[in-house]
Amino acid sequence: MLDFATILTVVLPVYLTLATGAAVRKLGILPREADAGMMRLAVTVLTPCLILERVVGNEAVMSPVPVLIAASLGYVLVAVGIAVSYFAAPLIGLQRHEGRRTFAVACGMQNYGFVAIPIVTALFPEKGTLGVMFTFTLGVELACWTAGVGLLTGLDKAPWKLALNPPVITILASLVLNFTGLHAYVPEVVHLTLAMMGACAVPLAVMIIGASIADIWGQERMRWSIAVLAPVLRQFVIPLAFLAAAFYLPLERELKRILIVQGAMPSAVFTIMIARHYGGHAPTAVQCVLATTIVSLVTAPALIAWALKVVGV
């Protein structure tokens, strides 16, 4: 039975890996200069290997309709999270040009990738569930570069083409192999090689994320109104939309599980970079990420355990 204690043992290693990344940064073992190259390796080579291994030949993603449903939910739920956060921001005095839009993006975008992947893999080790999660992230990526960045820059200036990054292109290519039946011709030795290389992606990326959190820790004076409202929205209010979709919609079991885990995730560290590069208020994003990440250590396993019981998956 997946109760709080059981799920905590699954979630805790992810946070310990984050802490390890922070520790090796502080000890000088992982210099900042190495981050760009290592993350590029993880995103352009290792993660595509993981995607190919988990999507190609995956029975859960063999037809376009389930894939379209998963991707659509990925987009809609992120857009809903951004909208809820945008309209809640004035409750703590945030207005335009004072961090309101950045707050909305940071709270609305969950850490959908490298933190969610090991949790999904540990809770649901069968190949199908993680494969479905990658189709869900297609919609999340599109929401990030349209609704998210578009809120900061204006929709007409949103760099939506950046949604076609190596992981997304790999997901689309994997789906083409599945839809055309060509997946059957991929040799087993290729699958084994992809599995070996893909296994390196998550721990490497999670450690770099931990190191990045260590870099920003203490740089900005914490604004406690943000530190309170961000976790309330990200860990309690926004997950209700994910849970409602999992509970009420006639979805496959794998997608219901993905919705539950995704809803429990903290704010994406990536939103800090978005804020810095697209005219947002970076300190607000930093505070959202730090507050939600710390709080999620307790709330994520509790929410996942409760939601799995409620939804019955």
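**Entry 1**

I note here that the model is predicted.

I then ran a search for aromatic pairs over the whole structure, and it returned four. In one of them, the rings of Phe 270 and Trp 145 have centres 5.7 Å apart and planes at 70 degrees. Planes over 60 degrees apart count as edge-to-face, so this pair is edge-to-face.

Where do Trp 145 and Phe 270 lie? Trp 145 is in helix α6, while Phe 270 is in helix α13, which covers residues 270–277. The pair therefore ties together parts that are 125 residues apart in sequence.

Is Trp 145 buried or exposed? I read a relative accessible area of 6% for Trp 145, so I wrote it down as buried.

**Entry 1: a second ring beside Trp 145**

I checked Tyr 278 next. Its ring centre is 6.3 Å from that of Trp 145, and the two planes stand at 80 degrees, so I have this pair as edge-to-face. Tyr 278 sits in the loop between α13 and α14 (282–311), 133 residues from Trp 145, and the pair links distant parts of the chain. Tyr 278 has 21% relative accessibility, so it counts as partly exposed. I recorded Trp 145, Phe 270 and Tyr 278 as one aromatic cluster.

**Entry 2: helix α6 as a whole**

I went on to the helix that holds Trp 145. Helix α6 spans residues 127–153. Its 27 residues reach 38 Å from the first C-alpha to the last, close to the 39 Å expected at 1.5 Å a residue. I also found a bend of about 35 degrees at Ala 143.

How many residues of α6 are buried? I have 23 of 27, so the helix is mostly covered, buried being under 20% relative accessible area. Just after α6, Gly 154 takes a positive phi of about 100 degrees.

Thr 129 belongs to α6. Its relative accessible area is 0%, so I marked Thr 129 as buried. Setting aside neighbours within four places in sequence, I list its contacts as Val 120, Phe 124, Glu 254, Arg 257 and Ile 258.

Phe 136 is one of the residues that touch the most other members of the largest nonpolar core, which has 100 residues. Others named with it include Phe 103, Ile 119 and Leu 255. Beyond four places in sequence, Phe 136 touches, among others, Ala 70, Leu 77, Phe 242, Leu 255 and Leu 259.

At 9% relative accessible area, Leu 152 is buried. Its contacts beyond four places in sequence include Arg 101, Ile 274, Ala 275 and Tyr 278, and I had already placed Tyr 278 in the aromatic cluster. From Leu 152 to Pro 301 I noted 149 residues in sequence and 32 Å in space, C-alpha to C-alpha.

**Entry 3: a charge over a ring**

I last looked at Tyr 86. Arg 100 lies over the face of this ring, at 3.8 Å from its centre.

Technical notes: Residues are numbered from 1 along each chain as its sequence is written. This is a predicted model: local features need pLDDT of at least 70, side-chain atom pairs count only at pLDDT 80 or more; totals for chains, interfaces and linings use all residues. Side-chain values use heavy atoms; hydrogens and water are left out. Helices (H or I, at least four residues) and strands (E, at least two) are DSSP runs, numbered from the N terminus. Buried means under 20% relative accessible area, exposed over 50%, partly exposed in between (1.4 Å probe, protein chains only). Contact means heavy atoms within 4.5 Å. The expected span of a helix is 1.5 Å times one less than its number of residues. The bend at a residue is the angle between axes fitted to the seven residues ending there and the seven starting there. A nonpolar core is a set of buried Ala, Val, Leu, Ile, Met, Phe, Trp, Tyr and Cys residues joined through side-chain atoms within 4.5 Å. Rings of Phe, Tyr and Trp (its six-membered ring) pair if their centres lie within 6.5 Å; planes under 30 degrees apart count as stacked, over 60 as edge-to-face and the rest as tilted. A charge sits over a ring if NZ of Lys or CZ of Arg is within 6 Å of the ring centre and within 35 degrees of the ring normal.
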